[in-house]
Amino acid sequence: MIKKYDISGEDFSLAGEASSDFKSVMKKIGMNPDVIRRVSIAMYEAEINTIIHGGGGECEAEIKSDKVQVTFRDNGPGIENIDLAMQEGYSTAGDKIRELGFGAGMGLPNIKKYTDNMLIDTAPGKGTTLTLIVNL
Amino acid sequence: MLLSDIKNLLDAKVLTKESNDVLSQKDIHTACGCDLMSDVLAFVKDQSLLLTGLINAQVIRTAEMMDIVAVCFVRGKLPAEEVIELANEKGITILSTELPLYISCGKLYSEGLRGYLND
């Protein structure tokens with residue numbers, strides 16, 4: 001099963017709608033609660049990143065026979081230094097985002113923590129594609 | 001600790017539509033006082049209460065992802081109607097207390113509601 005979502009970069013109050021919808025899909029088909037929780041948290045972090053850093057983009061979430069795979073693509077500025085971005089506490093987010101409770105530099109580390117695999121394809125000026133995988 | 005007991009200890013109002021009967025059936029195992037949703041996403045366990053001074057929709061979204069049972073807004077802060085509606089839709093209880101964050105946490109901790117230590 002594949003679900004596709006447009007992630008708007010315009011309205012931060014809508015951030016999380018894709019993750020929320022996909023969580024209800026996983027619940028409806030009776031998936032393992034631990035898998036649902038891990039996918040939901042990682043997906044939500046990635047969705048927030050797509051909005052904050054990528055200015056919006058698209059998401060494709062797929063439930064396969066052996067794993068859940070979710071990919072976010074944006075056309076933002078890309079990640080300049082992946083090693084720094086992976087450090088807890090490092091963030092390039094602005095004050096406005098921090099006032100909303102995000103931008104604390106926990107996004108990518110959290111995604112890595114809750115998933116079995118995280119793949120990032122990015123380059124400065126070329127946007128970012130992030131794929132997260134949770135095995136069933 | 002039952003959510004109804006938490007409501008009484010914090011002298012809190014219920015902003016969502018749950019009755020006292022429903023609150024007395026919601027059992028809270030741990031609590032977290034935090035304004036950083038990124039930290040909530042990193043550390044909080046389920047069956048939890050989140051106490052926070054942030055009142056935007058992302059608090060409810062974060063609670064939804066973490067299976068957090070209830071959110072308590074401190075220092076008398078009231079969220080926009082859309083935030084309350086979202087919480088109602090997701091079955092997350094919203095409380096509002098006049099107490100500040102530190103005192104709210106202290107009252108609950110001293111009555112036995114513990115936090116979660118990350119391993």
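The crossing of helix 2 and helix 5 of chain A is left-handed, meaning that the near helix is turned anticlockwise from the far one by less than a right angle. This is a predicted model, by the way: local features need pLDDT of at least 70, side-chain atom pairs count only at pLDDT 80 or more, and totals for chains, interfaces and linings use all residues. Residues are numbered from 1 along each chain as written, with chains lettered from A and ligands numbered from 1 in the order written.

Back to our pair. Helix 2 of chain A and helix 5 of chain A (residues 107–114) pack at about 155°, their axes 9 Å apart; axes are lines fitted to C-alpha atoms over the stretch in contact, and angles run from 0 to 180 degrees between N-to-C directions. That makes the two helices roughly antiparallel, a label for angles over 145 degrees. Among the residues making the contact are Ile41(A) and Glu45(A) of helix 2 and Tyr114(A) of helix 5, where contact means C-beta atoms, placed from the backbone, within 7 Å.

Now, friends, over to chain B. Here 17 residues touch 17 residues of chain A, and helix 4 of chain B gives the largest share of chain B's side, 6 residues.

How many of the 9 residues of helix 4 of chain B are buried? The count is 8, with buried meaning 20 or more other C-beta atoms within 10 Å of the residue's own, again placed from the backbone. The cover includes helix 1 and helix 2 of chain A, along with helix 3 and strand 3 of chain B. Just after helix 4, Asp67(B) has a positive phi of about 55°. Helices here are DSSP runs of H or I, at least four residues, and strands are E runs of at least two, numbered from the N terminus.

Conventions. Buried ≥ 20, exposed ≤ 12 C-beta atoms within 10 Å, placed from the backbone. Contact = placed C-beta atoms within 7 Å. Parallel < 35°, antiparallel > 145°, perpendicular 65-115°, else oblique.
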